[in-house]
Amino acid sequence: MGAETDPGQVLPRILDAAIELTDAERGFLVVVGPAAGAEGMRVAEARGFDAAALAAPDVRVSRTVIRRVLERGRGVTTTGALDADVLAVSSVRETGARAILAAPLRLGGEVLGALYLDHRRLHEAFSEEDLALLEVFAGQAALAMDWAARDELTGERSLRRYGPLVGGSPPMLALYDEVERAARSPDPVLILGETGTGKELVARELHRRGPAAARAFHALPCDLPPAAVQAHVFGPPGEPERGLLEQAATLLLDDVDALPGPLQTQVAWLLKQRAWTPPALAPRPLRCRVLASSRADLRQLAGQGSFREDLFYRLDVLRIVVPPLRQRREDVPLLVEEFLGRHAQRAVEVSSKALEVLGAYAWPGNVRELENEVRRLCALGRRRISAQQLSPEVRAGGGVSAPGAELAGLTLSELKEKLVRQALAECDGNKARAARQLGVPRSTLYHLLERLGIDPA
């Protein structure tokens, strides 16, 4: 839904996905607001209902369910005790529905509409688990609806900078869209990316653009000693009011894969309950929004048992993957210009050849490595930078050449295998040269070959 570039196709995709997700027989999507007609609601998309069934004033599809969803701000399933009475309403009986599932399309405190799904043959077509799943789905659908409406008003954007993030390449424009959507949701966000890509900058921009912008932002390194992490999150012993959980803030769990096992259990429980209980005190609601970042493949770690699987899924409600610099090489000149303005004491010109060499390097350390290179060049005190002034590693073109588009969407583990195979191919199977290309010791490459089951021969 978020990848749909045609605003007119967002609502159809939402409804089709909801039906597929729940195995519903049919359904419709209602939008609400001043532009939705005299009733304040309008059926914008439908599947399985003919035009007569949806037309006013002779509306045979009951609005009772939709009104209940909108008034109560929660989903409805007729297999649940709270909403079993819906099937007894005469207008609902006329539709022939034997099972109904519905959820509000809510973005923050605003309700944009509702999803209605039903089944005419199966009484037990939907469960409470289906309702919970549909409610999560509806929250993400509302984000897609809101962004599509913005695109219709503003048209296609062309950006070179988004807060502290610099770049106008397609991967960065896609990243800006993801941040914009996620900023409007209260759900946890998992920010993934290699070292040096700017994961904390993304987290700070998420915070700045969200409803909690006036609150504090805290980035907590999870590789601190366990006692220090515990004290920061929950407060020192006997002083829970000093913990981050007591603050209406945004909390970034940086390098969350380093979080000790007992704290993983506590954080998973917090996210499930949305509350916590300080020692000898009454339960308190969770006031902070939780973000997490990692350069590791958390799904793989969860499968290996070194990271709690339930915590992974509770953090992975919204996911943002920060692209490595080698996948957005056209941004290198913009970044060089940015870093020169930040670190140079006077105007500095970079030759076209130097920019070409900088763009050809694979930047295993990503944006952070590029900034360090520019800082080193600035320290030379030259007015013009030529290719000869670049560091030997950059001039030698170290690193693996730019991965192709077929690598988009791969996990970090899959990406590692692709890069190792690519390095071996480029080095004609020479493991020593491939290790230098990858920037790792030969022993590390041998370990990777064994673990990934790659035969260099």
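Biologist: Which strands does helix H3 lie across, and at about what angle does it run to S5?
Modeller: The model is predicted. In it, helix H3 covers residues 64-72 and lies across S1, S2, S3, S4 and S5. Its direction relative to S5 is about 140°.

Biologist: What is the strand order in the open sheet of five strands?
Modeller: The pairing in this sheet is antiparallel. Strands S2 (41-47) and S3 (76-77) each have a single partner strand, so they stand at the edges, and one side of each is left without a neighbour in the sheet. The order is S2-S1-S5-S4-S3.

Biologist: How many bridges join S4 to S5, and which residue in S5 does Leu101 stand opposite?
Modeller: Strand S4 spans residues 99-107 and strand S5 spans residues 110-119, and the two run antiparallel. Nine bridges join them.

Biologist: Which strands does H1 lie across, and which of its residues are buried?
Modeller: Helix H1, residues 10-22, reaches 19 Å from its first C-alpha to its last, close to the 18 Å expected at 1.5 Å a residue. H1 lies across S1 (26-32), S2, S4 and S5, and runs at about 60° to S2. The buried residues of H1 are Val10, Pro12, Ile14, Leu15, Ala18, Ile19 and Thr22.

Biologist: Which residue just after H1 takes a positive phi?
Modeller: H1 covers residues 10-22. The phi just after H1 is about 60°, and the residue is Asp23.

Biologist: Is strand S13 mostly covered or mostly exposed?
Modeller: Nonpolar side chains in soluble globular proteins tend to be buried together. Arg289, Leu291 and Ser293 point one way from S13, while Val290, Ala292 and Ser294 point the other way, and all are buried. With six of its six residues buried, S13 (289-294) is mostly covered.

Biologist: Which strands pair with S13 in the parallel sense?
Modeller: Strand S8 (189-192) pairs with S13 over four bridges, and Leu190 has Ala292 as its bridge partner. Strand S10 (249-254) also pairs with S13 over four bridges, with Leu252 opposite Leu291. The parallel partners are S8 and S10.

Methods:
Residues are numbered from 1 along each chain as its sequence is written. This is a predicted model: local features need pLDDT of at least 70, side-chain atom pairs count only at pLDDT 80 or more; totals for chains, interfaces and linings use all residues. Side-chain values use heavy atoms; hydrogens and water are left out. The expected span of a helix is 1.5 Å times one less than its number of residues. Buried means under 20% relative accessible area, exposed over 50%, partly exposed in between (1.4 Å probe, protein chains only). Two strands pair if DSSP finds at least two bridges between them. Contact means heavy atoms within 4.5 Å. Axes are lines fitted to C-alpha atoms, for helices over the stretch in contact, and angles run from 0 to 180 degrees between N-to-C directions.
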